[in-house]
Amino acid sequence: MPALTRNKKKGAKSQTPPTKQVTKPKTPPSKPQTTTLKKGAKKPPLKKQKKEVVVEEEPLEDDDEVVSDASIDAESEELDESDDGGSNGLFSDDEDENDDDDETLGDDFLEGSGDEEEEEEEEEEEGPSDVGSDSDSDSDDDDLVKQSEAIDRRLAKQKADAEAEQQELNKQDDSEHDAFRLPTEEELEEEARGPPDLPLLKTRIEDLVRALKNFKAFRPAGATRKECVEQLKADLGSYYGYNSFLIGTLVEMFPPGELMELIEAFEKQRPTSIRTNTLKTRRRDLADVLLNRGVNLDPLSKWSKVGLVIYDSQVPIGATPEYLAGYYMLQGASSFLPVMALAPRENERIVDVAAAPGGKTTYIAALMKNTGLIYANEMKVPRLKSLTANLHRMGVTNTIVCNYDGRELPKVLGQNTVDRVLLDAPCSGTGVISKDESVKISKTADEIKKFAHLQKQLILAAIDMVDANSKTGGYIVYSTCSLMVAENEAVIDYALKKRDVKLVTCGLDFGRKGFTRFREHRFQPSLDKTRRFYPHVHNMDGFFVAKLKKMSNMSKSSEDDDEAVETVEQDEVSDDDDDEAEAIEKKRNKERRTKSKEDKRIKKDKKSKSENGNVEPKARKQKKKRSEWKNEIAQAREEKRIAMREKAKENK
Amino acid sequence: MRPLDETETTVVFEKLFKFVGNNLKKIVENPSDEGPESTPGSYCFRLQKNRVYYVSDALVKRATNISRKNLVSLGTCIGKYTHAGSFHLTIMSLNILAANAKHKVWLKPTSEMSFLYGNHVLKGGLGRITDSIVPGDGVVVFSMSDVPLGFGIAAKSTQDCRKLDPNGIVVLHQADIGEYLRDEDEL
């Protein structure tokens, strides 16, 4: 209650503090109150009143509460009785108080104000009480000084009281947090015995999240951060139904506040969305037809021209005649993204490595306007039917459906034959928990590793199929519906190391950038061009998209530069008829190989810092020898060239 | 995958002729934009696992390196051969039929759903009908908003339809787009 009254007083200066009015009714016997705004007329009688009040109330200072109650009661009566004009007059006096030259404040006013503050706990009163306690004084200057001092003292006292209150409140908060502590082992055992106590878990989760957000301030007694995190993992697991592995990885990836948002978002469904089939209709026309059928819909977002989001519908949206006629496809918003990133052009050859049930394939065909050629591959036989059915329903004619393991596709279709590849890889599905709750409990570390291994093989196969020299393409889009770093950034990093590809921007700028480093992993910096999408940020399923461009059709050699150079030179040498040069070069190559091995050893020695003095001259000597060989080889090559020219001339 | 032989080709063409009449020429000689080259190729029919596909040349060429076991579908499937050896058009051919149909029927909105459940078209549900329909003709069924719903065989000629009572069957149902949901496994 004191807080309330204090705020009231703070806020509205127009509310007259009761003290003023306490003094009022005692004046009638002495002088009639005038409601004029003239200071001079008013103040003397008020001053006298004040003195009377002071006299009367001094003995009652001990019982502050009693007095305050009485005064509050009196005040309430007086508030009822008082006129608005009177209060306004007093208020105007407040404002004029600081400019008071005529009226001065005497010593009395200090005492009076002290009493008033004691009467009403922690009330901040500035001008009004001063007005009431104006007193005559001899000289204006002295009184002004005293006035200002008094005001300063009053303000200081008010500040002190305010701080005292704040501290009290803080102590209350702290005491709450001190009361929050991690449960002991006994308590945990007790909890484990019965069914989980959901409200208790919920409050504990909230407390832990608050503590972790600002660990210095709200740290529970005697607990390390690690213990809090462990307890949070356990509580989240039992409250929301996650297994320990999955909740552990989510805790590692997100800060506590965002983690709560993510988990809450996973509990709810994402909005249903559909994609207009531009081969048969336009979004506007489709929207009209569906509205007529009683469907409540809206365009999906700014970034999509074909998407519509369905809020509710009187007819089942998957069984309207328009759906059956292939005018639209039920598709989650996140599934639009990889195809938008792929951006297929007309008359291109495209491969969709994991095509079923065909939402993305049909989108690709629509973007290509049924030109070009699409290979839609799907490994699992039961899913092929839905793929073919969808393709036919949507009126796609430029597609060949085949049933291969994605890793075999380069052998079947040939390497370096295709313009673009879309790889929507099979994954753990941790981004679509809102669709499939079984993911919460069924995914373990081993499964993630298996998926990651498969995805790495698939992405290499996909890269091998693409023709780097294609006129319009040369792109691979890799996407998963998972949030795990091992399935996303790690796979892309692997591909960057193993093949001559580089990351390019997806064109989806509204997503979050992928991780360039995560815990102990360090990835290449270009990985920030990949995009991650989260349910709690973008209101679509968790998704990861990356777009790679193939730079050349060779695979990257991960060997030494020496050996690479050797192989090239040996190719040149083999054409040569000059045996001597061959022999020399072969010897040199052998020597260089051994020397290069020694170089490696030497480098290792250097690192181990064991024989610095001896090592260095050796290295220098070998470097000299290498440069000598290079010169000799260059000379040999020139001799070769001259010989070839002479031969050519002879042949002519 | 192999091209159709003589008998098979005649059977397929006969069935198509019932629906599209002289537009059959158009179907066979349609220029296609498919395939990576920009010069238009033409369409042809291919047989794969008892199903007849209507594909463009370019697709056919490039599908040859997919082995028979693993090739599932090409272009558009228009129908399949039964064990007995007769050929039936499936619903997947609707796009081609609808684009080239000679005989059309439009349904009232109230009876759309009934047709999509697999029932025959009754006189009471008939909105519009093209003239010169002979019993036994192939008819493509549309909704009033020109959405193709399926096809069937005409039971009565146009003149007779006018005299029919409201419960008389006008078009015998053969295939409708509701089959995408009902009979997914059989497609």
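Entry 1. I began in chain B, where strands β12 (residues 148-154) and β13 (residues 169-176) pair in the antiparallel sense over five bridges. I noted the terms: strands are DSSP runs of E with at least two residues, helices are runs of H or I with at least four, and both are numbered from the N terminus; two strands pair if DSSP finds at least two bridges between them. Ala154(B) has Val171(B) in β13(B) as its bridge partner.

Entry 2. This is a predicted model, so I kept its rules by me: local features need pLDDT of at least 70, side-chain atom pairs count only at pLDDT 80 or more, and totals for chains, interfaces and linings use all residues. Residues are numbered from 1 along each chain as its sequence is written, chains are lettered from A and ligands numbered from 1 in the order written, and side-chain values use heavy atoms, without hydrogens and water.

Entry 3. I traced the open sheet of six strands in chain B as β9-β13-β12-β11-β8-β10, with mixed pairing. Its edge strands are β9 (121-122) and β10 (126-129), each pairing on one side only.

Entry 4. Next I turned to where the chains meet. The contact (heavy atoms within 4.5 Å) takes 34 residues from chain A and 35 residues from chain B. In chain A, Leu324(A), His392(A) and Ile400(A) lose the most area to chain B.

Entry 5. I found that β9(A) and β5 (residues 71-74) of chain B run antiparallel, joined by three bridges. There, Ile400(A) stands opposite Leu74(B).

Methods: Buried area is the accessible area (1.4 Å probe) that two parts lose on being put together, summed over both.
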